[in-house]
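Could you walk me through this structure? I am new to it and would like to know where to look.

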Number of protein chains: 2
Amino acid sequence: MSQKLHVYNTINRKKEEFIALNPPFVGIYVCGPTVYGDPHLGHARPAITFDVLFRYLVFLGNKVRYVRNITDVGHLENDADEGDDKIAKKARLEKIEPMEVVQYYTDRYHTFMDMLNVKKPSIEPRASGHIIEQLQLIEEIEKNGFAYEKNGSVYFDVEAYSKKYHYGKLSGRVLEDLYSNTRDLDGQSEKKNSFDFALWKKALPEHIMRWPSRFGDGFPGWHLECSAMSTKYLGEEFDIHGGGMDLLFPHHECEIAQSVAASGKETVRYWMHNNMITINGQKMGKSLGNFITLEELFSGSHAVLTKAYSPMTVRFFILQAHYRSTLDFSNEALTAAEKGFERMMEAYNNIDKIKSSDNSTVNIQDIRNKCLDALNDDLNTPIVIANLFEAVKNINSAIAGSETFNAENIAECKKLFDDFVFNIMGLVAETSSSGNEILSTVVDLLLNERIEAKKRKDFAASDRIRNELTALGIEIKDTKEGFEWKLKN
Amino acid sequence: MSQKLHVYNTINRKKEEFIALNPPFVGIYVCGPTVYGDPHLGHARPAITFDVLFRYLVFLGNKVRYVRNITDVGHLENDADEGDDKIAKKARLEKIEPMEVVQYYTDRYHTFMDMLNVKKPSIEPRASGHIIEQLQLIEEIEKNGFAYEKNGSVYFDVEAYSKKYHYGKLSGRVLEDLYSNTRDLDGQSEKKNSFDFALWKKALPEHIMRWPSRFGDGFPGWHLECSAMSTKYLGEEFDIHGGGMDLLFPHHECEIAQSVAASGKETVRYWMHNNMITINGQKMGKSLGNFITLEELFSGSHAVLTKAYSPMTVRFFILQAHYRSTLDFSNEALTAAEKGFERMMEAYNNIDKIKSSDNSTVNIQDIRNKCLDALNDDLNTPIVIANLFEAVKNINSAIAGSETFNAENIAECKKLFDDFVFNIMGLVAETSSSGNEILSTVVDLLLNERIEAKKRKDFAASDRIRNELTALGIEIKDTKEGFEWKLKN
């Protein structure tokens with residue numbers, strides 16, 4: 001393999017070779033959830049996308065520090081800095097302390113990410129735990145002339161910034177268009193321009209989530225936390241920043257502006273964005289009645305679902321599309337993914353049953369190389385899966401006797417699945433019963449020994465094995481082909 | 001039931017009726033782990049003790065806000081404010097960012113608490129996330145004349161405090177004794193008196209965990225976080241503060257001093273402390289070679305353990321002692337607990353097999369009342385368990401035909417177990433292991449066949465068995481006595 005990992009860098013709008021700033025160390029920052037509601041389909045895709053990136057970078061031998069934050073304050077209901085803080089509103093509705101809302105939904109998020117076999121990040125910082133760092137960043141931005149205070153709130157001055165730097169660099173938005181496109185200010189706003197954004201919001205008397213500052217009591221703007229925490233844990237320049245495409249504007253555009261305004265430099269070398277999901281061709285939204293939580297998906301309890309889909313079905317389904325394509329959830333597509341994943345797991349279990357031969361009619365090394373090529377080509381997991389299905393075909397043909405594996409092929413094939421299916425794509429065999437599968441195989445092995453004992457006319461041994469298994473509640477039936485058995489109850 | 005919940009209030013050294021400050025709301029604060037090492041036996045006992053308190057208060061109809069913190073900064077190696085920060089030291093040893101250490105061991109703590117079926121707290125605040133609140137508290141204490149700054153650090157002035165308030169109220173320590181008992185200051189210390197404690201420590205240049213303050217860059221003293229976070233989330237006065245008895249002095253004594261120094265009032269109404277554990281009669285300690293992590297306990301991989309003990313065996317064992325008694329871990333005692341818990345679970349499963357009769361020779365309601373009485377008497381779980389074994393005896397006798405249950409008794413009996421065993425004591429049936437036990441026995445059987453094969457010099461068979469098991473991820477070690485094996489991962 002000479003090809004190197006290439007990723008699509010949103011800011012340059014092209015695939016670029018990934019070169020770590022300080023190899024073998026790689027720093028990744030990914031925007032995590034705003035914890036005011038149950039984890040849903042929209043959370044699954046970025047988590048799985050960047051989990052695969054994390055796993056693949058580790059597989060390649062890098063030492064990866066993966067930072068994924070928890071937004072527990074400052075994310076207002078609409079991105080134009082208006083409306084309630086999402087968490088404070090939920091707390092008022094449920095009449096509990098905002099931090100109880102945060103804790104509950106953070107725990108729920110973790111539970112469902114564990115079910116999806118998403119690895120825990122190296123550091124999971126919370127916005128509310130980094131107020132000082134955010135206030136320090138405001139100081140820098142203000143000192144450089146890119147922020148202004150108004151009535152206890154502080155706003156980022158996009159116009160002033162644009163005179164010196166390029167606002168819109170990431171999203172391609174043009175400031176002139178923003179002038180004309182944004183609604184007129186209603187005269188109530190404290191902002192100079194509607195596209196300015198809050199760095200610090202004054203806390204009204206009824207606000208519970210508030211901290212002191214030299215501007216008075218308040219709380220940080222949403223965009224600020226990611227700039228402050230990514231720099232704190234990954235340094236002033238780091239490798240990769242990821243997130244959903246919905247965060248590209250304004251969130252990530254504002255992050256760039258904040259960092260540049262504070263330090264004069266950009267912090268992120270590669271921006272990566274996963275595309276959105278749709279449900280039966282429609283955007284997912286609460287008002288559309290197609291907003292599906294992960295709990296509903298895994299239990300089949302939402303009206304648009306004809307059945308439950310397991311976490312690994314969902315993971316496999318998401319990886320069957322390239323992360324930069326939109327992905328449409330439908331019962332048909334999920335059911336197809338379920339079958340596909342089952343076929344893949346069956347083939348994996350059948351590798352052990354292949355009898356090695358001296359000849360080989362398969363080329364597993366070629367499949368392996370194609371999988372690596374696909375991953376190196378901007379994490380093209382659908383191509384990886386397609387290639388793995390070539391191996392599945394080989395395995396099934398070998399069982400049917402129309403292809404032959406030599407001993408090396410069998411070992412290569414196991415390693416192919418171990419590396420790409422389990423380790424890099426993070427899929428796991430779902431018969432919760434991985435223990436049960438081992439049990440099943442060990443009982444088979446023991447009964448094979450019983451057949452051997454009979455062959456050598458050692459009936460004491462064959463009876464002993466039978467009696468011992470029966471005592472364990474295992475019912476054995478001798479058949480023409482050998483045996484069948486089952487666990488009583 | 002007319003009896004009300006009574007708890008032993010450490011500060012008054014007696015059992016007192018528990019009267020909530022603002023019923024039905026109850027606020028509890030419990031000191032959580034310092035996350036610089038794997039969770040061990042010492043973490044299990046307070047977590048389970050206060051989990052039962054939490055569960056019982058909810059059972060009684062209260063709305064409980066349970067706050068359990070994560071100490072991720074400020075806990076120095078010895079309680080006299082000397083030595084390294086425990087987490088920073090670990091990070092240096094492992095050459096990673098302190099927050100990676102924090103994240104890793106926080107995740108490990110959660111994993112093992114989940115295994116012990118300890119409920120998640122309502123809020124789990126981190127010390128590093130509440131620096132502003134801690135600095136505000138220092139301001140108050142300093143303003144009232146109970147703190148002094150020295151070279152960028154701030155210390156609590158115990159002598160000044162003692163002139164107005166009672167330092168030693170909780171622990172019974174007498175200041176005069178502390179004068180004479182503490183070692184002489186070596187002249188290097190910045191403290192006025194050795195019993196003064198740090199509110200803020202100056203960060204040396206090599207310190208990574210540091211925050212700006214008007215005293216310069218530094219980090220908070222260990223005792224401060226609990227005063228700041230308990231007040232933030234539970235109010236200036238709240239119901240219950242819990243923790244291990246090892247925290248009584250200096251940690252909790254200092255918490256009281258800080259709160260009183262800042263506000264003139266005590267914040268905590270009931271102080272509750274669980275007693276310590278010993279291992280085979282000895283204090284647990286790394287230097288004694290008897291420091292047992294929960295992973296070692298659950299896998300049986302520590303030299304002092306003759307076997308693995310399941311999380312529910314450990315939970316049951318801990319609840320078999322009153323939380324204010326010392327508790328000695330030994331293989332004998334754990335094995336007895338395992339058997340006792342099995343007997344209890346068997347009886348529970350047998351309730352369904354009892355044939356109801358018109359007559360009744362048992363009094364389940366009486367057992368229920370005794371269980372409630374025991375819990376109301378300072379959470380006396382050993383008495384609860386003893387009474388539940390009366391029910392076990394009744395069930396077994398009913399199955400044997402020597403007692404009779406009517407239909408109501410059967411329903412009461414199920415509810416007795418559901419309420420006390422599962423709901424309040426938080427035990428769960430551990431049948432998932434039945435599959436594993438069969439697996440374990442079948443592997444043993446197969447390895448015995450391998451020994452037979454060797455005896456008859458059938459080395460093809462003995463190698464075959466070895467290779468097959470190895471392929472399943474079972475590691476085999478031949479020993480003098482025969483063999484040992486384990487599942488890899």
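This is a predicted model: local features need pLDDT of at least 70, side-chain atom pairs count only at pLDDT 80 or more; totals for chains, interfaces and linings use all residues.

Let's begin with chain A as a whole. Its C-alpha trace spans about 95 × 55 × 40 Å along the principal axes, and it contains 16 helices and 17 strands. The chain has 489 residues, and 45% of them count as buried. If you look at the contacts in chain A with a separation of 6 or more, 71% come from residues 24 or more positions apart.

Chain A is split into three parts: domain 1 covers 16-274, domain 2 covers 279-424 and domain 3 covers 434-487. Four strands make an open sheet in the order β4-β3-β11-β12, with parallel pairing. The edges are taken by β4 (63-68) and β12 (268-274) of chain A, and each has a single partner strand, so one side of each has no neighbour in the sheet. From one strand to the next, the twist averages 20°. Take a look at the pairing of β3 (residues 25-30) of chain A with β4(A): six bridges hold this parallel pair, and Gly27(A) has Arg65(A) in β4(A) as its bridge partner. Lying across β3, β4 and β11 (238-244) of chain A is helix α7 (residues 222-234), which runs at about 155° to β4(A).

Asn9(A) stands opposite Lys14(A) in β2(A). Four residues sit between the strands, and Arg13(A) in the turn has a positive phi of about 55°.

For another hairpin, hop over to chain B. There, β16 (residues 474-478) and β17 (residues 483-487) pair in the antiparallel sense over five bridges. Glu475(B) has Lys486(B) in β17(B) as its bridge partner. This hairpin has four residues between its strands, and Gly482(B) takes a positive phi near 150°. As a bit of background for looking at any of these strands, side chains in a regular strand alternate between the two faces of the sheet.

Where do the two chains meet? The contact takes 34 residues from chain A and 34 residues from chain B. On the side of chain A that touches chain B, α3 (98-115), α4 (131-143), α15 (434-455) and α16 (459-471) each supply at least two residues. The one that gives the most is α15(A), with eleven residues. By type, the residues on this side of chain A divide into 16 nonpolar, seven polar and eleven charged.

Next, look inside. The largest nonpolar core has 258 residues, and the members that touch the most others are Ile28(A), Leu199(A), Ile28(B) and Leu199(B). Beyond its neighbours within four places in sequence, Leu199(A) has contacts that include Ile138(A), Ile141(A), Val154(A), Phe156(A) and Leu224(A). Another core, of 21 residues, lies apart from the largest one, and its members include Leu447(A), Val442(B), Leu447(B) and Ile474(B).

All nine of the nine residues of α10 (residues 311-319) of chain B are buried, among them Met312(B), Arg315(B), Phe316(B) and Leu319(B). What covers them includes α1 (41-59), α3 (98-115), α9 (294-299), β15 (327-329), α11 (331-350) and α13 (381-400) of chain B.

Finally, pick out one residue in helix α1 of chain B, Phe50(B). Is Phe50(B) buried or exposed? Phe50(B) counts as buried because 27 other C-beta atoms lie within 10 Å, and the cut-off for being buried is 20 or more. Leaving aside its neighbours within four places in sequence, Phe50(B) is in contact with Ile28(B), Val30(B) and Gly242(B). Ile28(B) is a residue you have already met, as one of those touching the most other members of the largest nonpolar core. For a sense of distance, compare Phe50(B) with Ile451(B): the two are 401 residues apart in sequence and 50 Å apart in space, C-alpha to C-alpha.

Terms used. Residues are numbered from 1 along each chain as its sequence is written. Chains are lettered from A and ligands numbered from 1 in the order in which they are written. Domain bounds come from an automatic or database domain assignment. A residue is buried if 20 or more other C-beta atoms lie within 10 Å of its own, exposed if 12 or fewer, and partly exposed in between; C-beta atoms are placed from the backbone. Two residues are in contact if their C-beta atoms, placed from the backbone, lie within 7 Å. Ala, Val, Leu, Ile, Met, Phe, Trp, Tyr, Cys and Pro count as nonpolar, Asp, Glu, Lys and Arg as charged, and the others, Gly among them, as polar. A nonpolar core is a set of buried Ala, Val, Leu, Ile, Met, Phe, Trp, Tyr and Cys residues joined through C-beta atoms within 7 Å. Two strands pair if DSSP finds at least two bridges between them. Axes are lines fitted to C-alpha atoms, for helices over the stretch in contact, and angles run from 0 to 180 degrees between N-to-C directions.
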